[in-house]
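The tour below goes from one selection to the next and says what is found at each stop.

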Amino acid sequence: MAAQKISSVTKVSNTLLDQLNDAVARELQVAIQYMWQHVQWGGVRGFAVQNELRSIAIAEMKHAEIIAERLYYLGGTPTTKPTPILVGTTLKEMIAQNVKDEENAIVLYKKIVEQARKENDETTNRLFREILLQEEDHHDTFTTLLEDL
Ligand SMILES: [Fe+2]
Ligand SMILES: [Fe+2]
């Protein structure tokens, strides 16, 4: 039997819970997407990119975990379903897709930061401001890589 969650001190809206679950789904998507790009892409040109993809994939998995933990604490049930994974076939196609995914993450996380602030959920607000910094860094990395492809 699943453990019954004791209602937490911090109460948040379903809007915020849904946004957090959307974030979990997207983190799962990019964790798998970047890892499979890392696995599938070989060749000399892709060599530097490969290691970058691997380390960002691991960072995204950590995001999925920490967001899911926060969602569960707030009384939600973290999804196990990633949003559609778009691996791509050429290196350029892969990195261009990743730039878009990081842009989507930045847009969503700014919304979550704002929503958490409105609901006086200081922890979620702070958590997403920290994750946002990393997503901006990923966006910068992929944008820079794309320029060289
Ligand atoms: Fe992430
Ligand atoms: Fe990211």
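## Stop 1: Ala25

Select Ala25, which lies in helix α1. This is a predicted model. Is Ala25 buried or exposed? Its relative accessibility is 8%, so Ala25 counts as buried. Now show the residues around it. Leaving aside neighbours within four places in sequence, Ala25 is in contact with Thr79, Lys81, Pro82 and Thr83. Then draw a distance from the C-alpha atom of Ala25 to that of Gln115: the two residues are 90 apart in sequence and 18 Å apart in space.

## Stop 2: the whole chain

Zoom out and colour by secondary structure. The protein chain has 4 helices and 0 strands, and from the N terminus on its elements run α-α-α-α. The radius of gyration is 16 Å, close to the 15 Å that the globule rule gives for 149 residues, so the chain is as compact as a globular protein of that length. Taken along the principal axes, the C-alpha atoms fill a box of roughly 55 × 35 × 20 Å.

Of the 149 residues in the protein chain, 44% are buried. Among contacts with a separation of 6 or more, 84% are between residues 24 or more positions apart.

## Stop 3: α1 against α2

Select residues 14–40 for helix α1 and residues 47–73 for helix α2. How far apart are the axes of α1 and α2? They are 8 Å apart, and the helices pack at an angle of about 155°. An angle over 145 degrees counts as roughly antiparallel, which makes α1 roughly antiparallel to α2. Their crossing is left-handed. The residues of this contact divide into 18 nonpolar, 5 polar and 3 charged.

## Stop 4: Ala48

Stay on helix α2 and pick Ala48, which lies in it. With a relative accessible area of 55%, Ala48 is exposed, whereas Ala25 of the opening stop counts as buried. Ala48 and Leu145 are 97 residues apart along the chain, and their C-alpha atoms are separated by 9.4 Å.

## Stop 5: α1 against α4

The crossing of α1 and α4 is left-handed.

Which residues make the contact between α1 and α4? Show these side chains:

- from α1: Leu20, Ala23, Glu27 and Tyr34;
- from α4: Thr124, Phe128, Ile131, Glu135 and Phe142.

By class, the residues of this contact divide into 6 nonpolar, 1 polar and 2 charged.

## Stop 6

At 46% relative accessibility, Asp140 counts as partly exposed. Select Val99 as well: Asp140 and Val99 are 41 residues apart along the chain, with their C-alpha atoms separated by 8.4 Å.

Next pick Thr141, also in helix α4. Is Thr141 buried or exposed? Buried means under 20% relative accessible area, and Thr141, at 19%, is buried. Not counting residues up to four places away in sequence, Thr141 touches Glu52 and Ile56.

## Stop 7: α3 against α4

Select residues 91–118 for helix α3 and leave helix α4 on display. The two helices pack at an angle of about 160°, with their axes 9 Å apart. They are therefore roughly antiparallel to each other. The crossing of α3 and α4 is left-handed. The residues of this contact divide into 15 nonpolar, 6 polar and 8 charged.

## Stop 8: Asn120

End on Asn120. Where does Asn120 lie? The residue is in the loop between α3 and α4. At 68% relative accessibility, Asn120 counts as exposed. Check its backbone angles too: phi of Asn120 is near 55°, a positive value in a residue other than glycine.

Conventions. Residues are numbered from 1 along each chain as its sequence is written. Chains are lettered from A and ligands numbered from 1 in the order in which they are written. This is a predicted model: local features need pLDDT of at least 70, side-chain atom pairs count only at pLDDT 80 or more; totals for chains, interfaces and linings use all residues. Side-chain values use heavy atoms; hydrogens and water are left out. Axes are lines fitted to C-alpha atoms, for helices over the stretch in contact, and angles run from 0 to 180 degrees between N-to-C directions. A crossing is left-handed if the near helix is turned anticlockwise from the far one by less than a right angle, and right-handed if clockwise. Contact means heavy atoms within 4.5 Å. Ala, Val, Leu, Ile, Met, Phe, Trp, Tyr, Cys and Pro count as nonpolar, Asp, Glu, Lys and Arg as charged, and the others, Gly among them, as polar. Buried means under 20% relative accessible area, exposed over 50%, partly exposed in between (1.4 Å probe, protein chains only). The radius of gyration is taken over C-alpha atoms; the globule rule is 2.2 Å times the number of residues to the power 0.38. Angles under 35 degrees count as roughly parallel, over 145 as roughly antiparallel, 65 to 115 as roughly perpendicular and the rest as oblique.
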